[in-house]
Amino acid sequence: MARPHFQWGSILLLCLGLEMGLVSSGSGAGFPLTQTDAILYNRPYTELKTVAGKMGMRYQQSRDMKTGTLSSRWTSLKFSQNSRVMLLNNFKIYLGFAVAGSKGRLYLSSQDMNNIIRPLLTPQVFSHKPVLKKIVIDPGHGGRDPGCSNDSLGMLEKDLVLAWAKQLKDALQKRGYQVLLTRHSDRYVENTNRFKYANDVNADLFLSLHFNSVQRPSVHGIETYVYTPLGQPSSSRSKVEEIDLKPRPANQYDPWSTLAGFNIQRHLIQSIGGVDRGLKRARFSMLSGLNCPGVLLEGGFFSNRTEAKKIKSAWHRKKLAEAVALGVDAYHDTLKKISGKDA
Ligand SMILES: [Zn+2]
């Protein structure tokens, strides 16, 4: 499906200034929950109307009170009651908690306001803005761990993510980034050694490459993951569990991982088309110990014959690599804009 071209730079510029007064010095990635309107399900929530006001956007709620839309000249955010999916200019993003309805009003969890809305619309409010020079690409699996497979097409995930990684390395190097890989051959690498390597070389961004597989052959499309923010459940479940309350090093970079992940996912969907499976969250072990922003990409399904055939072709993987590089550049452009220096 073709999507309209949005002027993304304007999203950021629109909000510059409006939110600057809210920066609390030395607060790190965490942000005080100053806009709590209600406590629902024992958690702070902010009314969508208030969110719109804070972001300098218009707010419209449907007559049946089931959907709320925030809009400005270049940006629209759509929310639905009881849903964990929000749409930013029609690109799918998974919230930590479902949008709540109470007495005809719609509420967003204040954690989602801080973990998703602010990183994407007003990233300048966060301190410790990262730079982006060195990127570690992590081709998933390898050696005795083949990942998923498509036997009839003779495909192993470990081989095709490595091929994709080498194409992505070329695409990123052409754009001036320094690029390193966690493996260059069919070699087994422990997941914890993947983030350790990125930390050892002082990476500014970590990109883990994977392909998907499920039982149902009809399922297809691209999805992007970031490490689940502290205190929220991963996209695959809805209840907060004990593991969600333990901070991991990756959590220091939650806003930047979300910003990078969203930009990469939207460029993948714009370039490749097909089903947008969205920006999701999971506590993947290879991301957990990162000392930099990290993103895990699922570039399509081996279990869908049409998509698997595409993935097998070098031409399609080059397209995937170019799209990821465009997303990385878009993330980098935002970093440069908000830091006011050579990021
Ligand atoms: Zn995999």
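These legends accompany close-up views of a predicted model. Local features need pLDDT of at least 70 and side-chain atom pairs count only at pLDDT 80 or more, while totals for chains, interfaces and linings use all residues. Residues are numbered from 1 along each chain as its sequence is written, and side-chain values use heavy atoms, with hydrogens and water left out.

**View 1. The zinc site.** Three protein donors hold positions 2.0 to 2.2 Å from the zinc ion: His141 (NE2), Glu157 (OE) and His210 (ND1). Donors are N, O and S atoms within 2.8 Å of the metal (3.2 Å for Na, K and Ca); water is not among the atoms, so sites may look incomplete. Along the chain the donors follow the spacing H-x15-E-x52-H. Histidine 141 sits in the loop between β10 (134–139) and β11 (149–150), and histidine 210 in strand β14 (residues 205–212). The pair is 69 residues apart and links distant parts of the chain. Histidine 141 is buried at 17% relative accessibility. Histidine 210 is also buried, at 6%. Buried means under 20% relative accessible area, exposed over 50%, and partly exposed in between (1.4 Å probe, protein chains only).

**View 2. Helix α6 against helix α9.** Helix α6 (residues 254–272) packs on helix α9 (residues 314–339) at about 140°, with the axes 8 Å apart. Because of that angle, α6 is oblique to α9. Angles under 35 degrees count as roughly parallel, over 145 as roughly antiparallel, 65 to 115 as roughly perpendicular, and the rest as oblique. Axes are lines fitted to C-alpha atoms, for helices over the stretch in contact; angles run from 0 to 180 degrees between N-to-C directions. The contact of α6 with α9 holds 15 nonpolar, six polar and two charged residues. Here Ala, Val, Leu, Ile, Met, Phe, Trp, Tyr, Cys and Pro count as nonpolar, Asp, Glu, Lys and Arg as charged, and the others, Gly among them, as polar. Helices (H or I, at least four residues) and strands (E, at least two) are DSSP runs, numbered from the N terminus.

**View 3. The open four-stranded sheet.** The strand order is β1-β2-β9-β8, and pairing is antiparallel. β1 (38–40) and β8 (100–102) are the edges; each has a single partner strand, so one side of each lacks a neighbour in the sheet. Neighbouring strands are turned by 45° against each other on average, direction ignored. Strands β2 (residues 43–47) and β9 (residues 105–109) pair over three bridges. Two strands pair if DSSP finds at least two bridges between them. Tyrosine 45 stands opposite serine 109 in β9.

**View 4. The β3–β4 hairpin.** Strands β3 (residues 58–61) and β4 (residues 67–71) pair in the antiparallel sense over four bridges. Tyrosine 59 has leucine 70 in β4 as its bridge partner. Five residues separate the two strands of the hairpin. In the turn, methionine 65 has a positive phi of about 65°.

View 5. Most residues other than glycine have a negative phi. Asparagine 89 has a positive phi, near 45°, and asparagine 90 has one of about 70°. Asparagine 89 is buried at 4% relative accessible area, whereas asparagine 90 is partly exposed at 39%.
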